[in-house]
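Open the model in your viewer and keep the sequence panel at hand. Each stop below gives a selection and says what is there.

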Amino acid sequence: MEALFGGSFDPVHLGHLVVAETLADVLGVTVRFLPAREQPFKHAAHAASPEQRAEMLALAVAGNPRFRVERVELELPTPSYTVRTLRALAGREPGNRFVLLLGADAAGDLPNWYEVEALPHLADVVAFARPGSELRAHGLIGRVVTVPALDISATAVRERVAQGRSIRYLVSDPVREYIGAHRLYR
Ligand code: ATP
């Protein structure tokens, strides 16, 4: 089985990678990182484009046989509704059943999703949560997996770059080099 891990990945950081590796391990699945097409910071100078976010993901997952990048949302209309994405994948890969990985924040927002009633037909939902989280499985969430909590966010990575500070060990080396070479987030 394959799992989908969606996000803006602006940029992908070690928090994402630890979560994905833990879920790959616990669930026995491969993980496809699913960058959303929206550019949350598109008005900021030196923001990463969707293509650049996908390229950074490709660098970050290289060498991990359980990881890959799923670019389907980059070709779909915005906003990237997950149900619409899952339908596009089902059309492209009939018979493939996916596990949708959701952080506690996204899992809590699930009832408000566009066409959420179609979700159970399209994917199994696994939520991941930090140790000690209150999150429980319920109708839409089949399982909750505890993952190590690394206190890293993409926002903090971008802020550090803007301040000229180091992001070494917060993102993988190839991603750090890419950010520097493309002068992102300055
Ligand atoms: P931003 O700071 O720009 O909001 P982010 O670091 O939260 O970004 P996203 O691309 O939005 O990154 O994250 C995708 C998913 O990964 C979300 O469900 C988010 O909860 C989860 N996630 C992000 N950072 C971590 C982390 N350090 N530990 C565990 N989960 C994380």
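Is Ala-137 buried, partly exposed or exposed? Select Ala-137: this residue is partly exposed, because its relative accessible area is 45%. Buried means under 20% relative accessible area, exposed means over 50%, and partly exposed lies in between (1.4 Å probe, protein chains only). Accessible areas come from the Shrake-Rupley method with a 1.4 Å probe, and for residues only the protein chains shown count as cover. Ala-137 sits in the loop between β5 and β6. Leu-110 and Ala-137 are 27 residues apart in sequence and 12 Å apart in space, C-alpha to C-alpha.

Some ground rules before moving on. This is a predicted model, in which local features need pLDDT of at least 70 and side-chain atom pairs count only at pLDDT 80 or more, while totals for chains, interfaces and linings use all residues. Residues are numbered from 1 along each chain as its sequence is written, and side-chain values use heavy atoms, with hydrogens and water left out. Helices (H or I, at least four residues) and strands (E, at least two) are DSSP runs, numbered from the N terminus.

**Stop 1: strand β4**

Select residues 98–103, which form strand β4. Of its 6 residues, 6 are buried. Look at both faces. Phe-98, Leu-100 and Leu-102 are buried on one side. Val-99, Leu-101 and Gly-103 are buried on the other.

**Stop 2**

Two strands pair if DSSP finds at least two bridges between them. Phe-5 stands opposite Leu-101.

β5 pairs with β4 in the parallel sense over 6 bridges. Leu-101 has Val-126 as its bridge partner in β5. Val-99 stands opposite Asp-124. β5 is mostly covered, with 6 of its 7 residues buried.

**Stop 3: on to β6**

Check Ala-127, which faces Val-144 in β6.

**Stop 4: the start of the chain**

Select Met-1, in the segment before β1. Met-1 counts as exposed because its relative accessible area is 57%.

**Stop 5: the ligand**

Which residues are closest to the ligand? Select the 19 residues that surround the ligand; the closest are His-13, Leu-150, Ile-152, Ala-154 and Thr-155. A residue counts as near if one of its heavy atoms lies within 4 Å.

Now show the polar contacts, pairs of N or O atoms within 3.5 Å. A polar side-chain atom of Asp-105 is 3.2 Å from a ligand oxygen atom. A polar backbone atom of Ile-152 lies 2.8 Å from a nitrogen atom of the ligand. At Ala-154, a backbone N or O atom is 2.7 Å from an oxygen atom of the ligand. Taken alone the ligand exposes 600 Å², and the protein buries 79% of that.

Finish with the shell around the ligand. The elements that give two or more residues to this shell are β1, α1 (14–27) and α7 (154–162).

How values were computed: Polar contact = N/O pair within 3.5 Å; in protein donor to acceptor, adjacent residues only side chain to side chain.
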